[in-house]
Amino acid sequence: MINPRNIEIKSYDYELPDERIAKYPLAERDQSKLLIWRNGEIEQKKFFDLPDQIPAGSLIVFNNTRVIQARLHFHKETGALIEVFCLEPEAPRDYQQNFASEHECTWTCLVGNSKKWKDGALSQTITVDGEEVVLNCERASVNGASQKIHFFWDKPVSFAKILDAIGELPIPPYLNRATEEKDKQTYQTVYSRIKGSVAAPTAGLHFTEKELQALRDKNVDLQYITLHVGAGTFKPVKSDTIEGHDMHTEFISVPKSVIVRIAEHLKTSDSPLVAVGTTSVRTLESLYYIGNKIAKNPEAHAEELVVHQWEPYDFSYTMTEVEALEQIIAYLERNNMDNLVTATQILIAPGFQYRLVKTIVTNFHMPQSTLLLLVSAFIDGDSLEGPNWHRIYQYALDNEFRFLSYGDSSILFR
């Protein structure tokens with residue numbers, strides 16, 4: 001078996017001209033191109049053809065996270081602009097409780113122009129629901145590149161409303177442009193529901209209600225999980241080998257009802273389990289290892305269920321996929337919980353054994369990225385033309401596909 005620690009990231013490089021990076025989405029989401037990889041062959045269609053490609057009776061999983069307006073701007077009396085980029089909640093740690101906070105909360109943040117912020121609190125007067133609110137923030141602690149920022153304000157309004165009132169949607173840095181008003185709509189999936197991401201699960205941006213209904217009409221089971229995408233999704237691999245890369249950790253929430261449906265599907269259907277986007281892939285594949293953790297420690301707390309990046313490779317696992325899911329279901333029932341809430345740092349790279357996902361819908365990813373490693377692990381193998389991932393990406397480049405978040409899509413069959 002391949003040891004992913006020894007993978008040289010330069011082996012996953014390709015030339016991506018700037019003009020191939022889609023700076024804006026198409027006017028109609030489902031008019032994007034769709035590359036189909038099946039049995040080693042490549043075919044090209046449009047995204048509105050996707051329902052025709054998914055067999056009846058399949059189960060398809062979407063990430064229903066919603067991107068928050070996470071960038072806040074403060075001006076010091078000197079005129080210096082300080083940007084506070086909210087990454088994840090610290091107190092309360094629960095996303096929904098934090099968003100509901102009406103007087104104060106704390107977040108882990110990145111701070112732009114931090115050197116200009118020596119000490120003290122930053123303040124500004126904002127308007128929320130027609131009422132003036134004085135919003136303040138101060139440093140609680142500094143930990144490397146990130147900082148704990150304590151927010152407090154003088155009127156009983158929720159932090160969610162504060163973000164909606166003055167926050168800026170954080171579009172990807174490689175777009176090299178400012179956020180525009182229309183991004184608030186186009187950089188959200190049509191099924192986004194649960195606030196918390198600082199980046200969109202972009203494979204889902206192609207779907208319209210038309211495709212969703214076409215899938216329902218084919219008796220495809222649509223299910224929704226939540227992984228809040230962190231800024232770490234844009235973190236480049238800077239080490240020569242993957243061993244030196246510290247994978248980012250992201251919050252996940254999976255309803256018990258979804259886990260039950262997946263277990264039933266695996267037991268009763270030959271149709272594939274389809275993951276829309278790498279975030280859904282990471283969540284679904286993490287479930288197997290969470291089930292194994294519960295089997296070893298039935299009383300585990302949420303923080304003990306976090307899947308760490310090397311766990312899939314450092315231990316041997318004999319439990320079946322259904323057995324692992326049944327461990328989670330029993331755990332949730334014992335604890336009277338409707339949702340599995342924990343986090344995952346899972347690193348999926350060549351050498352990884354996919355357990356649940358049989359088909360992936362995904363966009364085209366950055367060179368030398370962990371997302372490209374995930375795709376390579378899924379369509380593992382080489383041909384006379386070279387590595388399978390390279391064949392796909394070269395086809396996309398040769399056929400004028402648009403790349404990255406606002407770009408075109410692919411469906412990959414294992």
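N39 is found in the loop between β1 (33-38) and β2 (41-46). Helices (H or I, at least four residues) and strands (E, at least two) are DSSP runs, numbered from the N terminus. This is a predicted model, where local features need pLDDT of at least 70, side-chain atom pairs count only at pLDDT 80 or more, and totals for chains, interfaces and linings use all residues. Residues are numbered from 1 along each chain as its sequence is written, and side-chain values use heavy atoms, with hydrogens and water left out.

**Backbone exceptions**

Most residues other than glycine have a negative phi, and most peptide bonds are trans. N39 has a positive phi. So does N219, a residue in the loop between α5 (209-217) and β12 (221-227). Exposed means over 50% relative accessible area, buried under 20%, and partly exposed in between (1.4 Å probe, protein chains only).

| Residue | Phi | Relative accessible area |
|---|---|---|
| N39 | near 55° | 72%, exposed |
| N219 | near 65° | 60%, exposed |

A cis peptide bond joins A91 and P92, with omega about -10°. P92 sits in the loop between β6 (81-91) and α2 (95-100).

**The sheet**

Nine strands make an open sheet with mixed pairing. Their order is β2-β1-β19-β16-β14-β3-β12-β13-β15. Two strands pair if DSSP finds at least two bridges between them. The edges are β2 and β15 (339-344), each pairing on one side only. Neighbouring strands are turned by 25° against each other on average, direction ignored. Axes are lines fitted to C-alpha atoms, for helices over the stretch in contact, and angles run from 0 to 180 degrees between N-to-C directions.

Strand β3 (residues 59-63) runs parallel to β12, and five bridges join them. I60 stands opposite L222 in β12. Helix α11 (residues 388-398) lies across β1, β2, β16 (359-363) and β19 (409-413). It runs at about 155° to β1.

**The cores**

A nonpolar core is a set of buried Ala, Val, Leu, Ile, Met, Phe, Trp, Tyr and Cys residues joined through side-chain atoms within 4.5 Å. The largest one has 82 residues. Which of them touch the most other members? They are Y187, L284, Y354 and F403. Helix α7 (residues 278-296) gives this core its largest share, seven residues. A second, separate core has 32 residues, including L72, I82, L87 and C137.

Contact means heavy atoms within 4.5 Å. Leaving aside neighbours within four places in sequence, F403 is in contact with Y14, L16, R20, I21, A22, F364, Y393, A396 and L397.
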